[in-house]
Amino acid sequence: MIENTVDVIIIGGGVLGCAIARSLAAQRRNVMLLEKEPDVGLHASGRNSGIVHSGFHQKPGSLAARLCVEGSHAIRKYAESRRIPYEQVGTYVVASDKSHVAMLEDLKGRGDRNGVQDLQIIPVSRAKANEPSLHGHAVLYSPTGAIIDSRALTKALANDALRSGAHIRYWQEVVNIDERPDAVYVSTRDARYRAEIVVNCAGVHADRLAHGMGVGEDYVLVPLRGIYFTVTRSGPPLIQSIVYPFQDCASPFFGVHVAPTVNGAVLVGPGAVPVFDREAYHSISHHFTVMAQLASQRAVWKAVFQNRELLRLGWKSDTHSVTKQYFWKEACRVVEGLEFEDLSLGSRVGIYPQLIQTDGQFIDDLVIESTERSIHVLNMIAPGMTCALSFAKWLTDRMQGAGQGVKFKTPSLASVS
Ligand SMILES: Cc1cc2nc3c(=O)[nH]c(=O)nc-3n(C[C@H](O)[C@H](O)[C@H](O)COP(=O)(O)OP(=O)(O)OC[C@H]3O[C@@H](n4cnc5c(N)ncnc54)[C@H](O)[C@@H]3O)c2cc1C
């Protein structure tokens, strides 16, 4: 039974799906967002660090770099207009090792090329005037770094979309997409929808829906689980800005950071450990799930074993990363005065949908693949929340007249202006 016919179906009520629904609805497109949960923002979009990135980590020329810089400005304006908890607290990247000091220049160079404003490299002794707990030799300081309530952002976008006439259906898990010349048919467990075009923003499940249509088969998705510890000591907060360790630019990870939240907590995390259960939020039960799923995950294992970075992370999952000791040591590389007893395991856990090419290479840019009537957002890793508004604009600008076919093939998208 075909329940509904609309212009565009969006799968997934994370920050991206909601931002895209809002943009399309504002263009008077008839939009239906299908979400498998009872609310929006219950997965990565409500479980992240809430950091609005400035855009100096991203590779110059990449789509991620451009969208991150544009997105951080857009998010600030949006948060102000919707009164979403947001604070521009600034970001420090700390060279805790002397050999990293010169490399901060490379990071600053990246940021300058990406158009990030007002980056400075300063000795830690000077930076301590603003952030007394910093520990290391020198820092890259970015005044535009900010924090936001990511779940509130997602809900505000969804509400905007609804106000502009979009429909949101909860408890609608999409199980099949059938593309035909005249339309695309999207089936959930209890309904069938017809649309001109479908946009797959299903986060950590997006690859499965894409693969079901023969799209994105050059990639395997490795879910990476990130846990957080919270600083629970009493007294003044340990830090008031976002503090990252310096990481080699070649690494796709930002490292364990120490960052405030808009609710006044200070987080240490998130780490990134490969898991095979895409929603393994609770404890380490994923190890048992791994055993059950191994047979069907051969391609993932191939990528894991070809990729030394993942192997290193996998090793850490069983040795250090799930322990408090590891997070405490990582935090002590960049801040001082944090006692081991000051850390408690937090309830926040997020899972990154990290894409890896079948030859084992990490993908560090957005990946968007398409067919005539479907668009699949496949690698929306951090800082995907920061990019949400700029990405929605970028995508919907290109969807004008969609239904005639939007051809995206990435990572070559970087050249699309
Ligand atoms: C630990 C962690 C920390 C992060 N920190 C930051 C940060 O500080 N700053 C930043 O900018 N970014 C950060 N990110 C990245 C950011 O959170 C994500 O890029 C962003 O939330 C992705 O949004 P999304 O809408 O694509 O995915 P999601 O939020 O995962 O939403 C996908 C939605 O699709 C739904 N869905 C899935 N399958 C189906 C289906 N078959 N049918 C219907 N619905 C379906 C899900 O229920 C979910 O609601 C972090 C990510 C993680 C994991």
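I call a residue buried if 20 or more other C-beta atoms lie within 10 Å of its own.

**Entry: whole chain.** I opened the model, which is a predicted one. I looked up the secondary structure of the protein chain and found 11 helices and 20 strands. Of the 417 residues in the chain, 52% are buried. I then turned to contacts with a separation of 6 or more: 75% of these join residues 24 or more positions apart.

**Entry: helix H1.** I went to H1, residues 15–26. How many of its 12 residues are buried? I got 11, and H1 is thus noted as mostly covered. The buried residues are Val15, Leu16, Gly17, Cys18, Ala19, Ile20, Ala21, Arg22, Ser23, Leu24 and Ala25.

I also checked the length of H1. At 1.5 Å a residue, its 12 residues should span 16 Å, and the end C-alpha atoms are 16 Å apart, so the two values agree. Past the helix I noted Arg28, which follows H1 and has a positive phi, near 65°.

**Entry: the ligand.** Which residues are closest to the ligand? I found Gly12, Gly14, Gly203, Gly350 and Gly384, out of 40 residues that surround the ligand. Sorted by class, the shell has 19 nonpolar, 17 polar and four charged residues.

I looked up where the shell comes from. H1 supplies at least two of its residues, and so do strand S18 (343–357) and helix H11 (384–398), each. By domain, at least three shell residues come from domain 1 (2–45 + 151–217 + 364–415) and at least three from domain 2 (88–146 + 220–357).

Technical notes: Residues numbered from 1 in each chain as written. Predicted model: local features only at pLDDT ≥ 70, side-chain atom pairs only at ≥ 80, totals over all residues. Helix = DSSP H or I, 4+ residues; strand = E, 2+ residues; numbered from the N terminus. Expected span 1.5 Å × (residues − 1). Near = placed C-beta within 6 Å. Nonpolar A, V, L, I, M, F, W, Y, C, P; charged D, E, K, R; others polar. Domains from an automatic or database assignment. Contact = placed C-beta atoms within 7 Å.
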